[in-house]
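Biologist: I'd like to walk through this structure with you, one question at a time. Can we take it slowly?

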Amino acid sequence: MTRINTTYICQNCGAQSRQFFGRCPRCNNWDSFVTQASSSNHRATKLYEEISDLPIAKYSKPIDQVKELFVERLSSGYNEFDRVLGGGFVPGSLVLVGGEPGIGKSTLLLQSAMIMSRYSSILYVSAEESAQQVKLRWRRLNECKNLTNFHQENKTSQLHLMAETELEIILQELQSFRPAVAVIDSIQAIYTSGLSSAPGSLSQVRECSLALQKLAKQQGTAILLVGHVTKEGTFAGPKVLEHLVDAVITFEGDRFGNNRLLRAIKNRFGANYELGVFEMGNQGLVELTNPFEIFLGRNKATTGVATIVAYEGTRPLLVEVQALINTANYGNPRRITIGISTNRLHQILAVLEKHMGFRLSSFDCYLAVAGGVTVQEPAADLGAAAAIVASYNTLILPPKTVFIGELGLSGKLRPVTQIPLRLRECARLGFDKVVMPKIEGLENIAIDLNISLLQVETVMEAIIFGLGLE
Ligand code: TYD
Ligand code: MG
């Protein structure tokens with residue numbers, strides 16, 4: 001007879017033991033040991049050998065025979081929103097829209113729901129505001145030109161509103177109404193009665209999202225979850241939601257300004273870091289399909305300002321980088337950035353000190369990207385360096401010049417991706433000179449676009465020739 005030995009395995013770290021422990025001796029986790037049956041005559045190996053004699057695939061099939069499913073995406077009603085989503089909502093998907101409180105998430109989703117309700121059924125679940133409050137906003141937005149009032153056409157609206165916080169009731173309504181799209185505003189405000197913890201707690205957020213995800217997949221409803229982010233920019237319910245959902249869209253911008261940026265930071269159905277631009281006004285949010293003006297300052301004759309072309313998602317975006325270099329009054333000089341990482345500023349300053357001899361350690365340095373944009377790619381380095389040098393020397397950079405390039409620690413410029421698209425955007429907006437690293441094969445594009453390229457090897461050359469200091 002086969003003798004079964006019991007081994008125990010820790011579900012947290014995978015430690016194995018013949019002895020049971022209440023607390024894992026390796027990772028110190030409590031209650032993580034579970035039994036794992038094994039036998040002394042290697043039953044599993046034998047079973048494997050038996051099966052491998054039979055070349056019949058039972059549960060898998062060749063990939064070319066897997067049935068393809070062509071899904072028709074639902075337009076959100078806004079080109080900018082659609083582009084960020086990768087072409088609209090995928091039926092059955094779960095999308096998280098996050099942002100700071102008051103940034104305009106409810107406004108955006110209500111506007112989108114109003115447009116979508118012209119051609120599909122929508123359920124808007126308001127868990128934070130009463131039905132009356134949402135109705136008031138709806139009425140106000142309805143008076144806008146771009147959001148047609150359905151009642152004028154004597155039709156009942158396909159946009160249904162429900163003010164509810166209990167998950168079970170929301171699920172019931174979703175099952176009976178079966179909308180094409182549902183908005184849950186917000187995931188942190190709803191709760192399941194199966195758990196005793198408070199709404200917004202980790203277990204509630206996870207449990208509710210899982211139940212909604214299951215339902216979305218089952219009946220093909222696209223579900224939009226609104227999530228509040230903390231000051232540090234993470235979703236409350238640490239990262240739990242980001243793993244679970246199909247797409248994470250953040251809605252950001254300067255709350256005191258009007259620009260709002262919609263950015264995909266994870267998207268199973270489209271490009272990451274795609275950017276959509278909106279403007280908040282009296283008539284709600286208006287999309288800006290040609291947003292360059294807000295990112296390029298209108299006052300050209302200022303010192304310490306350089307233009308760069310950032311590549312966000314699938315779209316090049318011309319933005320202004322502004323630097324202010326001032327004598328430091330206290331021991332430690334200040335290094336403050338807006339829209340660009342402070343570590344990059346430190347690195348750019350170090351390269352300028354080492355390779356160009358600027359003594360910047362006794363100066364405060366402020367660096368900001370205009371228009372509330374956050375630039376993440378290193379292609380902005382050269383523009384930032386040019387703005388810093390210009391501010392240090394009180395210079396005005398030549399007009400209609402764009403700086404592209406990453407700064408290597410050795411002082412050499414490193415090439416960046418998508419150069420032809422960036423050049424095209426520069427030409428489209430009337431810029432005629434681009435300072436950039438040496439890349440071959442761009443002559444024809446430059447002639448076509450009527451743009452002059454200043455291709456250099458080092459940051460020193462870029463600054464001297466780019467700023468006209470020779
Ligand atoms: P809201 O959508 O409630 O923010 P969130 O859901 O992200 O918390 O937006 C609130 C802000 O938007 C509020 O400060 C007022 C402003 N707003 C306008 O400026 N114009 C408008 O037409 C609307 C509806 C809101
Ligand atoms: Mg809200």
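Modeller: Let's start with a word we'll need: buried means under 20% relative accessible area, exposed over 50%, and partly exposed in between, using a 1.4 Å probe and protein chains only. Keep in mind that this is a predicted model, where local features need pLDDT of at least 70, side-chain atom pairs count only at pLDDT 80 or more, and totals for chains, interfaces and linings use all residues. Residues are numbered from 1 along each chain as its sequence is written, and side-chain values use heavy atoms, leaving out hydrogens and water.

Biologist: Okay, what percentage of the protein's residues count as buried?

Modeller: The protein has 470 residues. The share of them that counts as buried is 47%.

Biologist: And how many helices and strands are there?

Modeller: Helices (H or I, at least four residues) and strands (E, at least two) are DSSP runs, numbered from the N terminus. Going by those runs, the secondary structure comes to 13 helices and 21 strands.

Biologist: How are the axes of α5 and α6 arranged: roughly parallel or roughly antiparallel?

Modeller: Two packed helices are described by the angle between their axes and the distance between the axes. Here the axes, lines fitted to C-alpha atoms over the stretch in contact, with angles running from 0 to 180 degrees between N-to-C directions, belong to α5 (residues 167-177) and α6 (residues 202-219), and they come within 11 Å and cross at roughly 5 degrees. Angles under 35 degrees count as roughly parallel, over 145 as roughly antiparallel, 65 to 115 as roughly perpendicular and the rest as oblique. So α5 is roughly parallel to α6.

Biologist: Which residues of α6 make that contact?

Modeller: Contact means heavy atoms within 4.5 Å. On the α5 side you'll find L167, L171, L174 and Q175. Their counterparts on α6 are C208, A211, L212, L215 and Q219.

Biologist: How many salt bridges are there in the whole structure?

Modeller: Side chains of opposite charge can pair when their charged atoms come close. A salt bridge is a side-chain nitrogen of Lys or Arg within 4 Å of a carboxyl oxygen of Asp or Glu. Searching the whole structure turns up 10.

Biologist: Which residue forms a salt bridge with K217?

Modeller: The closest N and O atoms of the pair are 3.4 Å apart. K217 lies in α6 and the partner in the loop between α7 (240-244) and β9 (247-252), so the pair ties together parts that are 29 residues apart in sequence. That partner is D246.

Biologist: R422 also has a salt bridge; which residue is its partner?

Modeller: R422 is buried, with a relative accessible area of 0%, and sits in helix α11 (residues 419-428). Its partner is 45 residues apart from it, in the loop between β16 (363-369) and α10 (381-392). The closest N and O atoms are 2.8 Å apart, and the partner is E377.

Biologist: D82 is buried yet has no salt bridge, so which side chain of opposite charge is nearest?

Modeller: D82 lies in helix α2 (residues 79-85). Lys and Arg count as positive and Asp and Glu as negative, with His and the chain ends not counted. The nearest side chain of opposite charge to D82 is 8.3 Å away, and that is R73.

Methods
Chains lettered and ligands numbered in written order.
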